[in-house]
Amino acid sequence: MKNRGIVKKIDKDSVTIEIFKDVSCSHCNSCDKKTHAIQTFSYNKNDLNEGDMIEFFIEDKHLLKLGFLVYISPIIFMISFYFIASYLDFSEGRRVISTFLGLAINLLILYTLDKIKGNEILNNIKITKEKI
């Protein structure tokens, strides 16, 4: 995924970027400009200045991994926990509770992965200055 933006603010260890809407976002109105446009990244290089036009890129394989972890793995956990509870002959109410238990465990795993590997994932985002 490739996108463009402008550096709005630089803190000690993060960069706030106003993201330009690209072609894939142009037809969508589910978010307004204020919620869509501003993103903050951890970025430890000192080669950016406020007002710089930048291009940032993340490889598709990393994006697919993140998409799987965030969107697909919770569903897999919920369905798995439901079938495990069904196999153990739990009542329907307990099956539903175990489904939500599976979701909670998955969210705990995602939270732990974020704390352990979050910076590694953010380091896969390549930020370059655009030449004007």
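Q: Leaving aside its neighbours within four places in sequence, which residues is Asp-52 in contact with, and what makes each of these a contact?
A: In this predicted model, Asp-52 is in contact with Gly-5, Ile-6, Val-7, Asp-47 and Lys-129, once the neighbours within four places in sequence are set aside. The word contact is used because heavy atoms lie within 4.5 Å.

Q: Why is Asp-52 called buried?
A: The relative accessible area of Asp-52 is 16%, and the term buried applies under 20%, so Asp-52 is counted as buried. Asp-52 belongs to the loop that runs between strand E3 (38-42) and strand E4 (53-57).

Q: What pattern does the protein chain follow when it is read along the sequence?
A: The pattern is β-β-α-α-β-β-α-α-β, built from four helices and five strands. Among contacts between residues at least 6 apart in sequence, 65% join residues at least 24 apart.

Q: What makes up the largest nonpolar core, and which element gives the largest share of it?
A: Ten residues make up this core, namely Val-7, Val-15, Ile-17, Ile-19, Leu-48, Ile-54, Phe-56, Ile-58, Ile-125 and Ile-127. They are grouped as a core because each is a buried nonpolar residue and their side-chain atoms join them within 4.5 Å. Strand E2 (14-19) and E4 are the elements that give two or more residues to the core, and E2 supplies the largest share, three residues. As background, nonpolar side chains in soluble globular proteins tend to be buried together.

Q: Why is the aromatic pair of Phe-77 and Phe-81 called stacked?
A: The structure holds two aromatic pairs. In the pair of Phe-77 and Phe-81, the centres are 6.3 Å apart and the planes are at 15°; since pairing requires centres within 6.5 Å and stacked requires planes under 30 degrees apart, the pair meets both conditions and is therefore called stacked. Phe-77 and Phe-81 are four residues apart in helix H3 (residues 60-87), which means that about one helical turn separates them. Phe-77 counts as partly exposed, with a relative accessibility of 25%.

Q: What makes the aromatic pair of Tyr-82 and Phe-83 edge-to-face?
A: The planes of Tyr-82 and Phe-83 are at 80°, with 5.8 Å from centre to centre; because edge-to-face applies to planes over 60 degrees apart, the pair takes that name. Tyr-82 is partly exposed at 26% relative accessibility, whereas Phe-83, at 54%, is exposed.

Q: Why is Thr-99 counted as buried, and which residues is it in contact with, leaving aside its neighbours within four places in sequence?
A: Thr-99 has a relative accessible area of 12%, and the cut-off for buried is under 20%, so Thr-99 qualifies. Thr-99 lies in helix H4 (residues 92-122), and its contacts beyond those neighbours are Met-78, Phe-81 and Tyr-82.

Q: What makes Asp-89 exposed, and what is its phi?
A: Asp-89 has 64% relative accessibility, and exposed means over 50%, so the term applies to Asp-89. Asp-89 sits in the loop between H3 and H4 and has a positive phi of about 60°, although it is not a glycine.

Terms used: Residues are numbered from 1 along each chain as its sequence is written. This is a predicted model: local features need pLDDT of at least 70, side-chain atom pairs count only at pLDDT 80 or more; totals for chains, interfaces and linings use all residues. Side-chain values use heavy atoms; hydrogens and water are left out. Buried means under 20% relative accessible area, exposed over 50%, partly exposed in between (1.4 Å probe, protein chains only). Rings of Phe, Tyr and Trp (its six-membered ring) pair if their centres lie within 6.5 Å; planes under 30 degrees apart count as stacked, over 60 as edge-to-face and the rest as tilted.
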